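Please read the following explanation with the sequence and the model side by side, and look up each residue as it is named.

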Amino acid sequence: MENTKDLTEHSSRSERKRRDSFGMFDGYDSCSEDTSSSSSSDESEEEVAPLPSSLPIIKNNGQVYTYPDGKSGMATCEMCGMVGVRDAFYSKTKRFCSVSCSRSYSSNSKKASILARLQGKPPTKKAKVLQKQPLVAKLAAYAQYQATLQNQVKTKTAAVPVEGFSWGNYITSNNLTAAPVTCFKHAPMGTCWGDISEGVRVEVPNTDCSLPTKVFWIAGIVKLAGYNALLRYEGFENDSSIDFWCNVCGSDIHPVGWCATSGKPLVPPRTIQHKYTNWKAFLVKRLTGAKTLPPDFSQKVSEGMQYPFKPSMRVEVVDKTHLCRTRVAVVDSVIGGRLRLVYEESEDKNDDFWCHMYSPLIHHIGWSRSIGHRFKRSDITKKQDGHYDAPPHLFAKVKEVDPSGEWFKEGMKLEAIDPLNLSAICVATIRKVLADGYLMIGIDGSEAADGSDWFCYHATSPSIFPVGFCEINAIELTPPRGYAKLPFKWFDYLRETDSIAAPVKLFNKEVPNHGFHIRMKLEAVDLMEPRLVCVATVTRIIHRLLRIHFDGWEEEYDQWVDCESPDLYPVGWCQLTGYQLQPPAPQTSRDSQSSSSKQKKKAKSQQYKGHKKMTSLQLKEELLDGEEYNFLQGASDQESNGSASYYIKQEP
């Protein structure tokens, strides 16, 4: 009988809470209210107070329910703590939100009761013990996420410091548009961004407040720019005076209802606190029919920032001074999926190379041998302690090709992006056909006699094109160096060189629905100095090919990149991952860039490119010193870039 009485009282208290509490303060007059008064004095410090019901019209899946009878008919799941419409709950008792919660409660109720008795507490605290679990799990998830951010900030690249640059101000003052997160499948949340758009409501810290404790309020997304959102507090209507930018994936952004689950107060901003007398009714009206973030949003963000590559892993990567070969390098650090690789023979660890983990420039140990690619053997005879080979499955996959029929042959002509000058598409030749669809390409008119400046592209690479691609799509084709018969005509050149064009059908024609548009803003790697991620703009789109312009720099430093390149990121990516963002060059510098600034940029580029052209004697000496080996074609391997090529038709 005593237990029945206790349960009745507990149920009565719960019902009172559902009727009277929105988990928020009614303005500043109630700030002294004890929100934890329901906790008994014999509870330990770790005990979590009963979960209040805040904004009960919002369910965790983002769907909004209205009351069928116009009255408050809410319920709180005794297992997971979710708040929702009573009629939508499971069973006649409406104690649980789903069958799974009901079963979980039944299987755990005995354990909870025993635990309560062992702690010297009455059995009536059973529900409270069970309700503690989801909150602890959520807090643990946030703690892990924040720890990840802190670790990444500690290891962030030492690039040029950014003083005063703000994406929000840059976007707002120039009325710019950013590429949506869904354009970047390799970035966190790129494949699960969902319906996050303008109008979505979130719970955020209330900065328009003089309280000594951290309080929250509800805000709506006014504008999206990548990960960043311009937010406006509920109640400000068309008043944008205290709108603010915030990273949606940040640790202070929560779905509506989070404050209730976490026992946090909702307090209206000071500027509008006297605007309404009944804030509860106002929020009910404003949030009916609105969307919020998915309940597992923060968990997905955290999962998206877990990277399989770890420090001390060994990989094969392109030799930045001799693109014709690869070398062994060791992962030194991982930031946002970008790897700082230190070449294995570097004693001071300053000989490094930056690339994304999905870059076509890195491969597993043994890749070069398997396809017949040149490889610089290391002077180190055995692995250093703690270093181990990265598993092959971590690397980006290339599409399978069938070279058994008509296939690329040595001497065939094509057009290719020059890896030493990414703003140019050049006349090129297939110099060697490797295994598994890989090709060694040379730029006509500027090749070394021994082929030491050839570079490797896969047959499905988005960086090679059929003869005539540039002409059809109104792109300037760079002719061979020293070629006198200008303007360049492919028909005449093929006849003069007694060569043939690579068949168009061998190029991959897949063009994904990438979502990019001209003038969209993003963050992009300067591939001539790949440790730098810069403010950039899409200036041209040719099927899947994007022309990327670095804001503040001249067009000669633009880069042609694929729409699925892992070197492109949404606005706010650097902030999210702790990577250093390079701001645009100042307007004054753009208007009067001196020759010295140009030389500085060019010198920076050459640092990455190495010596573009050298004498044969220099090359031979370096090759002998480096003990370069050319392996025979061996076992099959399917690792590298997974992108494709283009249709041959006029730009729309």
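A careful walk can begin at a cysteine: Cys183 counts as buried because its relative accessibility is 7%, where buried means under 20% relative accessible area, exposed means over 50%, and partly exposed lies in between, with a 1.4 Å probe and protein chains only. This is a predicted model, in which local features need pLDDT of at least 70 and side-chain atom pairs count only at pLDDT 80 or more, while totals for chains, interfaces and linings use all residues. Residues are numbered from 1 along each chain as its sequence is written, and side-chain values use heavy atoms, with hydrogens and water left out.

How many disulfides are there, if a disulfide is a pair of cysteine sulfur atoms within 2.5 Å? The count comes to zero. Cys183 is in no disulfide, and the nearest cysteine sulfur, which belongs to Cys563, is 8.9 Å away. Another cysteine, Cys259, has a relative accessibility of 0% and therefore counts as buried.

From here we can turn to the strands; helices (H or I, at least four residues) and strands (E, at least two) are DSSP runs, numbered from the N terminus. Strand S18 covers residues 438-443, and six of its six residues are buried, so the strand is largely enclosed by the rest of the structure. Both of its faces are covered, with Tyr438, Met440 and Gly442 buried on one side and Leu439, Ile441 and Ile443 buried on the other.

Which strands pair with S18, given that two strands pair if DSSP finds at least two bridges between them? Strand S17, residues 421-433, runs antiparallel to S18 and is joined to it by five bridges, and Lys432 stands opposite Met440 in S18. The hairpin of S17 and S18 has four residues between the strands, and in this hairpin Asp436 takes a positive phi near 60°. Strand S19, residues 455-458, is also antiparallel to S18, with four bridges joining the two, and the bridge partner of Ile441 in S19 is Phe455. Ile417 is found in strand S16, residues 413-418, and with a relative accessible area of 2% it is buried.

Asp562 has its place in strand S25, residues 559-562, and counts as buried because its relative accessibility is 7%. The side chains of Asp562 and Arg544 are joined by a polar contact of 2.6 Å, a polar contact being a pair of N or O atoms within 3.5 Å, of which, within protein, one must be able to donate a hydrogen and the other to accept it, while residues adjacent in sequence count only if both atoms are side-chain atoms. The side chain of Asp562 also reaches the backbone nitrogen of Glu564, at 3.0 Å.

The aromatic rings deserve a separate look. Rings of Phe, Tyr and Trp (its six-membered ring) pair if their centres lie within 6.5 Å, and planes under 30 degrees apart count as stacked, over 60 as edge-to-face and the rest as tilted. By this rule the count comes to 28 aromatic pairs. One of them is the edge-to-face pair of Tyr483 and Tyr493, at 5.4 Å centre to centre and 85° between the planes. The two residues are 10 apart, with Tyr483 in the loop between strand S21 (477-478) and helix H10 (490-497), and Tyr493 in helix H10. Tyr483 counts as buried because its relative accessibility is 16%, and Tyr493 counts as buried because its value is 7%. Tyr493 also forms a tilted pair with Phe488, at 5.2 Å centre to centre and 55° between the planes. In the loop between S21 and H10 we also find Pro487, which is joined to Leu486 by a cis peptide bond with omega of about 0°.

That bond leads to a last point about the backbone: most residues other than glycine have a negative phi, and most peptide bonds are trans. Glu237 has a positive phi of about 50° although it is not a glycine; Glu237 is found in the loop between strand S6 (228-233) and strand S7 (244-247), and is partly exposed, with a relative accessible area of 36%. Lys349, also not a glycine, has a positive phi of about 60° and is found in the loop between strand S11 (338-343) and strand S12 (352-356).

How values were computed
Pairing = 2+ DSSP bridges. Disulfide = S-S within 2.5 Å.
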